[in-house]
Amino acid sequence: MIPGPVLFARFAYPPNLLGYCGPDDSAAVGDYAGAGTTDRGLTELAGRFSGAWPYLQLIAAATRIADPLDARVVGSYWIGGPLLERIGPSLLAAHLAERFERRVGGHWADLASLAGSGARAHHNFHVFGVYPWVGLLRSGFSEEPLRVLDRCRIRWGRVMTVAGGAVTVRSRSLAWDGRVLRLGEPRTEVTRPAPGVRVREGDVAALHWDWVCHRLSPYSVSMLRHYTLSQLRVVNTAARPAPLLDRGPGTRALS
C-alpha cells in the first residue's frame, strides 16, 4: 500500500504546481511524491494545503484515526470510501460553518443545506459545492467554469497508451445542459504521470488536472464513481448552489 503522505502528495502536486493551493515549494511536494518516502517535512507541507487538510482532520477525528495522513483517510478524501459515511450531516455542517461561515455571509444557509442533503467530505464535493463555479454556470458563464470544474475534480479514465512521458487516457468529461452538471461522452486526453506514479496500458487511473495521480483498483473506481455522481446530485438538486466563496483556481485557496 502506498503510504498516506505519499498518496496525498501525488494528488496534491498538480494544483500545487499550477499555483492553486498549498505551499509555494511545489518542487518539494513533487520530490516527496516521486521518492515515495515520508518524514516530518512532508507532513508539514501537507498541513499547508488549507483546502484539503481540514477535511483530512475531520475524517480522521470522526473515525478515530490518529493520523490525518493515514492512507485510509487520504484515500477517502481524494477517491472515496466508507469512512465518509461515518461523518453525519450535523458534523459536516459544523465543520463547514467553522471554515466558511464568515466568508459566505448570507449564503451560509445554502451551504448548510448541502451538508444536510447528502454532501460528503470528499474533494469533489468541495469542487462542486463550495467553489463558485456551479453558480457561475447558472449565471450564464459556461466555458471557463466548466473547464475548471472538470479539471479540478478527481476523475477516472482508462489508460490507452504510455509513451515518452505522455499518458493517453479515455475518460468522461463533465457536461452542462444549462440546468445540471452530468458526466458527458467519453473523450481522449493526453496527460502525464505525477512524480512516482507508474501506469500501464489498460489500467484505470485517477486524474487531477492534467496529471495521472494513482492507479485505481476496481473497488476504488467504484468508490470514485459513486462519490462523483452522488456529489453531482447534491449540487444539481440544491435550490441555490455556489457561488459561495470568493476564491478558486488562480488563488492559493485551492486543494
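Biologist: Are Tyr-20 and Trp-209 buried or exposed?

Modeller: This is a predicted model, so take each value as computed from it. To read burial, look at relative accessible area: under 20% means buried. Tyr-20 and Trp-209 are both buried. For Trp-209, the relative accessibility is 2%, so it counts as buried.

Biologist: Where does Trp-209 sit, and what is its phi?

Modeller: Start with the general idea. Most residues other than glycine have a negative phi. Now the case here. Trp-209 is not a glycine, yet its phi is positive, at about 55°. The residue belongs to the loop between β4 and β5.

Biologist: Which other non-glycine residue has a positive phi of about 60°?

Modeller: Arg-64, which is not a glycine either. Find it in the loop between α4 (53–62) and α5. Its relative accessible area is 81%, so Arg-64 is exposed.

Biologist: Now the rings. How many aromatic pairs does the structure hold?

Modeller: Seven. To read one, check two values: the distance between ring centres and the angle between the planes. Take Phe-8 and Trp-78. Their centres are 5.9 Å apart and their planes make 45°, which gives a tilted pair.

Biologist: Why does the pair of Phe-8 and Trp-78 tie together separate parts?

Modeller: Phe-8 is in helix α1 (residues 4–17) and Trp-78 is in helix α5 (residues 71–78), so the pair joins parts 70 residues apart in sequence. Phe-8 is buried, at 1% relative accessible area. Trp-78 is buried as well, with 1% relative accessibility.

Biologist: How do the rings of Tyr-20 and Trp-209 sit?

Modeller: Their centres are 4.9 Å apart and the planes meet at 50°, so this pair is tilted. It also links distant parts of the chain, 189 residues apart. Tyr-20 is in the loop between α1 and α2 (26–35), and Trp-209 is in the loop between β4 and β5 (211–216).

Biologist: Which residues do ring pairs link into a cluster?

Modeller: Phe-8, Phe-11, Phe-49, Tyr-55, Tyr-77 and Trp-78. Arg-99 lies over the face of Tyr-55, 4.5 Å from the ring centre.

Biologist: Next, helices. At what angle do α1 and α2 cross?

Modeller: Read the axes. Those of α1 and α2 cross at roughly 145° and come within 8 Å. The crossing is left-handed. On the α1 side, the contact is made by Val-6, Ala-9, Arg-10, Tyr-13, Asn-16 and Leu-17. On the α2 side, it is made by Ser-26, Val-29, Gly-30, Tyr-32 and Ala-33. By class, that contact has seven nonpolar, three polar and one charged residues.

Biologist: Which residues of α2 are buried, and what do they pack against?

Modeller: First, the general idea. An α-helix has 3.6 residues a turn, so residues three or four places apart point the same way. In α2, the buried residues are Ser-26, Ala-28, Val-29, Gly-30, Tyr-32 and Ala-33. They pack against α1 and α3 (40–46).

Biologist: What about helix α10: which residues are buried?

Modeller: Helix α10 covers residues 143–152, and its buried residues are Pro-145, Val-148, Leu-149, Asp-150, Arg-151 and Cys-152. Their packing partners include helices α8 (123–130) and α9 (133–138). Strands β1 (154–163), β2 (166–176), β3 (181–193) and β4 (204–208) are partners too.

Biologist: What is Arg-187 in contact with, beyond its neighbours within four places in sequence?

Modeller: Arg-187 lies in strand β3. Its contacts are Asp-150, Arg-151, Arg-155, Val-169, Arg-170, Ser-171 and Ser-173. Two of them, Asp-150 and Arg-151, are among the buried residues of α10.

Biologist: Last one. How far apart are the C-alpha atoms of Val-197 and Gly-34?

Modeller: They are 7.5 Å apart, though 163 residues separate them along the chain. Val-197 is in the loop between β3 and β4. With 4% relative accessibility, Val-197 is buried. Leaving aside neighbours within four places, Val-197 is in contact with Arg-10, Val-212, Cys-213 and His-214.

Key:
Residues are numbered from 1 along each chain as its sequence is written. This is a predicted model: local features need pLDDT of at least 70, side-chain atom pairs count only at pLDDT 80 or more; totals for chains, interfaces and linings use all residues. Side-chain values use heavy atoms; hydrogens and water are left out. Buried means under 20% relative accessible area, exposed over 50%, partly exposed in between (1.4 Å probe, protein chains only). Helices (H or I, at least four residues) and strands (E, at least two) are DSSP runs, numbered from the N terminus. Contact means heavy atoms within 4.5 Å. Rings of Phe, Tyr and Trp (its six-membered ring) pair if their centres lie within 6.5 Å; planes under 30 degrees apart count as stacked, over 60 as edge-to-face and the rest as tilted. A charge sits over a ring if NZ of Lys or CZ of Arg is within 6 Å of the ring centre and within 35 degrees of the ring normal. Axes are lines fitted to C-alpha atoms, for helices over the stretch in contact, and angles run from 0 to 180 degrees between N-to-C directions. A crossing is left-handed if the near helix is turned anticlockwise from the far one by less than a right angle, and right-handed if clockwise. Ala, Val, Leu, Ile, Met, Phe, Trp, Tyr, Cys and Pro count as nonpolar, Asp, Glu, Lys and Arg as charged, and the others, Gly among them, as polar.
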